[in-house]
Amino acid sequence: MTLKPPGTHRHRSTRVLGDFLDSYRVRLVLAFALVVTVALGLVLTTLPRLLDDYFREQDMESLQSRADAVVRLVGGQLQLYQTIDTLNPHPIVLSNKATDTVTRALGTTDGGYVQTITDQIAEADVVITIAASEENPKPLYTLVMPVTEVPTASQQREPITASSQVQINDRYYSASASGGPERVITATLSNPYTTRAQTVQTIASVMLTAAVLALLVTIVAAVLLAQWLTQPIRRLTQASRSLGEGKLDARVPVPTSASPEVAELARSFNNMADRLQESIRLVSGDRDRGRDFLADVSHELRTPIAALRTFNELLQDGAAADPATREEFLEQSARQIERLDWLSTNLLELSKLDSGLIALDLRPDDLRAVVENAVEQAEPLAKRKGLELISHLPPEALRQRHDPMRVGQVLSNLIGNAIKFTPPGGRVDVELRPTAEGAEISVSDTGVGIDADELPHIFERFYRGSRTPQERGAGSGLGLSIAKSIMDMHHGRISVQTAADTGTRVVVTLPRDMSLSSPTTPRS
């Protein structure tokens, strides 16, 4: 049994928790929840205060309206009691003192008039004062009447005050006068019963409950939203992991309902995966071709090396004593050395072409000069073999951008192949003509032709076919591969038309504007 050191489980749990909290989805949920919590906190801290100020203002307006009502009722009551005893009317103020008319009208005990309007209308402590006039505002009479009505559970006292005044004519101030001075009656209401505090508290409680519910709904919505937002990222992660594991066909579906940024990211990832798959395919193909090429090179070099070794061993064993045998071995060795030199030169040339180490020397020269030079170089070989070599050139100069040395190399290879595989007495025609695309050079012969099953392989390296093995065995099988590479560099193409025992026609097409063309594979 293996004992784990103390704290291992704790460290592992801490790491798992840290990874969980660091995940993009959790951070999105926490961010949404934090934003909503801050917003709700601001609302809960500011709105009750605003509501409290609003309700306080409403209570002030209500108290003021009740004060206006109370003072009008008091004034009316006093005037009523002035005239209720028509035989013995009394003024309100006499000798700077309030008369008993005021006492009888307002009532100074519980159940009196002022007490009734205090409990039923004012719902606050009421103070009634009577002054002789506006010029003499000193109260001549003051009546303090506290509210006796029992408040409800939702009501409580508020420390606010409102006052209101009214002027009434003391018409019976003197027996002979038809009118009297204006008395000033003031009603002051204070400490009313209101439901402001209870209302604000109730609203705050409702808001707090709504805020908690809103926070819970926000968390659920944030989880769903984070799930929706992070799903493309998870798909990208899975696809990236699959690519890392070698599954090059892994792609990310582009969601139609996703945001433009996410859709663009998915398309970019798929394009990257496509290019990566294509690059790996090309690299794999190059690796396979390189392996095959190395095998072919080893095979081709083994034959002359084995022959040279055999000749050397025979000469060491005594064959050198015979002059004729020694001469034959030396001649064969020279041929094998020449073949090795030919192979090494062509391999080096092909390697440079494939690696891009050779840059084209493009010039707007006359293509007729290239064709004439290639034909002149091949004429001695054609004469020795008894062939007729004819060139067909346009009467006017055909100027086009090309590399004269490389195009001449292609023509020399094609003309050399035509001479090699054409029996004595045959004919080789080289024709140059302008086309709508640029220029076309064709090399036609009356030779043995190429079998249909061999035609797709003629541009492969070291491929020499099966017909006329004595002629094909003399070459390296690299000439057409070199010609194909040079034409690809010119963005041109090579096409072959042939039939067994009827001859072969190879057509080289050079585009006028190489920037608008792309290299193509040979067609048959």
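α5 bends by about 40° at T230. I took the bend as the angle between axes fitted to the seven residues ending at a residue and the seven starting there. A proline, P232, follows within four residues.

I noted the ground rules. This is a predicted model, where local features need pLDDT of at least 70, side-chain atom pairs count only at pLDDT 80 or more, and totals for chains, interfaces and linings use all residues. Residues are numbered from 1 along each chain as its sequence is written, and side-chain values use heavy atoms, without hydrogens and water.

Next, confidence. pLDDT is the predictor's confidence in each residue, from 0 to 100. The chain averages 79, and 80% of the residues score at least 70. Residues 468-474 are below 50, yet I found 14 contacts (heavy atoms within 4.5 Å) there beyond near neighbours in sequence. Where pLDDT is low, the predicted coordinates should not be read in detail.

Back to α5, residues 196-244. Helices (H or I, at least four residues) and strands (E, at least two) are DSSP runs, numbered from the N terminus. Its 49 residues should span 72 Å, counting 1.5 Å times one less than the number of residues. The end C-alpha atoms are 68 Å apart, which agrees. Just after α5, G246 has a positive phi of about 100°.

Last, strand β15, residues 503-511. Eight of its nine residues are buried (under 20% relative accessible area, 1.4 Å probe, protein chains only; exposed is over 50%, partly exposed in between). Strands pair if DSSP finds at least two bridges between them. β13 runs antiparallel to β15, with seven bridges; S442 partners V507. β14 also pairs with β15 in the antiparallel sense over seven bridges, and T498 partners T504.
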